[in-house]
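Dear colleague,

I am handing over a structure for you to look at, and below it you will find what turned up when it was examined. Please keep in mind while reading that the model is a predicted one.

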Amino acid sequence: MSGRTEGGAVERCHSAAKAICFLGSVASLALLLPTPAFAHASDRGHVLLLPTGYYVAGGAFAVAASFLVLALLPSDFPARFWWRRLPLFAFGDGARAVVSLISFAGFVILIAAGLFGSRDPLANPLPLAIWTLLWVGLVLLQGLFGNLWSWLNPWYGPWRVISRLFGNRKTWRPPAWLGCWPAFALFFAFAWFELIDPAPDDPARLAWAAGLYWLLSFAAMLVFGYRDWTRRGEFLTVFLAMVARFALLARNEGGRNEGGRLSLCWPGAKLGNAAPLSLSGIAFLLLALSSVSFDGLSKTFFWLGLFGINPLEFPGRTAVIGVGTFGLVLTFVLLAAAFILAIVLGQHLAGSPHSLSQAAGLLVWSIVPIALAYHVAHYLTALLVDGQYALAALSDPFTLGWNLFGTATMPIEAGVAAGAGSAWWLWNFQAGVIIIGHMLAVLVAHGLAWRLHPRPAGAALSQFPLTVLMIAYTVFGLWLLATPSVG
């Protein structure tokens, strides 16, 4: 699927493909020729000689040019152009509980399929639904259309039913100092399970993990209240709500039983009026970006070579648990340190009267488009191929010969992510997503900086170090797409 399960073809390349990847990387380094491009988000690698140096230089130039253009704009630019919205229509929340109950029923069926269905991760719908449809597809939809998860999550409907049956129960309000640290800890555990656990694709193992997480989260919602826990502890809701702030559609929420009006807005415009995040919120967003970055880095020849591991004879995930855990923590620490340093330098250059926590809490929202861009680019190939397996598996969840949706016997077109032609458009699309994500991050950062520094010169000076960091991360992201990797 996506290189998670240890053993079999999931973690190993064919010997011919290995030789081509190795020779291509050696030739590119020795002869300074363009480096090969690999779609590292899937276990189906691509080898294609491309002028990646030009892409890296062009991406860095595009981000730098965005900064220079925005620095020359007047301070009222966001209010006059970027924050404007086009009203569409209003709709209520009457069906939200029903949709959530349907989602919960589907979740129960998936858990049952994981426990009693096929042991093949490409035939069992649970791993495909969680790792492909939820973690890749839904994140992409959230970034485009808004907070769909608030309707689709499998907790809201059951919580409403319990509330109706037993009335308004007294809940314990978590202390303010707790912030989003529970969500941070749970997101780290999720990232560790996805990236480092020996077999997160094993259907039964995943069913126990997902089922236990649902029960613990639901119990926490009953104790602390649905609203408080989903904002502080349920990491999927916290992460997806942050991603939805970047969407093209915005919804003005009314009262509890009132409908909200849907509006069309520019990407990132909803981040313009975002409140500063707490320290725990800052850490959560940085972890979201660093974890997907490490997912790509951990498979590169460069990373494995640092620890004396031959990437052409990968020993399996069990052998690199310690290395993986160290790398996951290190990537987060380095990114957090670089971000804080950029904010400190920016505040010093602009002579800002604002505190570090206020500036960092506000400007960290500019990480959202970068995190979304990396997520899409990194997992695009897995979505294109494993998404087809998911459609087939959902029609026959228990491998009993069913064809519920007419897709059980559909042919899997792996060619959509294989071959020179596919590699060319995949590379260009992935590179374009990363570059555009960083350019939009510069726009968001400038819009937020204008709130801290009314003078355009002060806003530009405060953003210069952060822009340098974004340029460096653009280069890093494009290098990850181009460098040889296993899986």
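On the surface there is a nonpolar patch formed by Leu-86, Leu-88, Phe-89, Leu-141, Leu-144, Phe-145, Leu-148, Leu-152, Leu-248 and Leu-264, and together these residues have about 800 Å² of accessible area. Strand 1 (85-91) supplies at least two residues of this patch, and so does helix 5 (125-145). Another member of the patch, Leu-152, is found in helix 6, which covers residues 149-152. Leu-152 counts as partly exposed because its relative accessibility is 35%, a value that falls between the 20% limit for buried and the 50% limit for exposed.

Turning to the cysteines, the count of disulfides comes to zero. Cys-180 counts as buried because its relative accessibility is 14%, and Cys-265 is buried as well, with a relative accessible area of 6%; the cut-off in question is under 20%.

Inside the protein, a search of the whole structure finds seven cavities of 30 Å³ or more. The second largest cavity has a volume of about 80 Å³, and of the 13 residues that line it, Trp-135, Ala-288, Ser-291, Val-292 and His-375 are the closest to its centre. At least two residues of this lining are supplied by each of helix 8 (181-195), helix 12 (279-297) and helix 16 (367-395), while the largest share, five residues, comes from helix 8.

With best wishes

Terms used: Residues are numbered from 1 along each chain as its sequence is written. This is a predicted model: local features need pLDDT of at least 70, side-chain atom pairs count only at pLDDT 80 or more; totals for chains, interfaces and linings use all residues. Side-chain values use heavy atoms; hydrogens and water are left out. Patches are made of residues with over 30% relative accessible area and no salt bridge: like charges are joined within 9 Å, nonpolar side chains (Val, Leu, Ile, Met, Phe, Trp, Tyr) within 5 Å. Accessible areas come from the Shrake-Rupley method with a 1.4 Å probe; for residues, only the protein chains shown count as cover. A salt bridge is a side-chain nitrogen of Lys or Arg within 4 Å of a carboxyl oxygen of Asp or Glu. Helices (H or I, at least four residues) and strands (E, at least two) are DSSP runs, numbered from the N terminus. Buried means under 20% relative accessible area, exposed over 50%, partly exposed in between (1.4 Å probe, protein chains only). A disulfide is a pair of cysteine sulfur atoms within 2.5 Å. On a 1 Å grid over the protein atoms alone, a cavity is a set of points where a 1.4 Å probe fits but cannot get out, and a pocket is an open set with protein on both sides within 12 Å along at least five of seven lines; lining residues have an atom within 4 Å of a point. Grid points are joined across faces, edges and corners, and a volume is the space filled by probe spheres set on the points.
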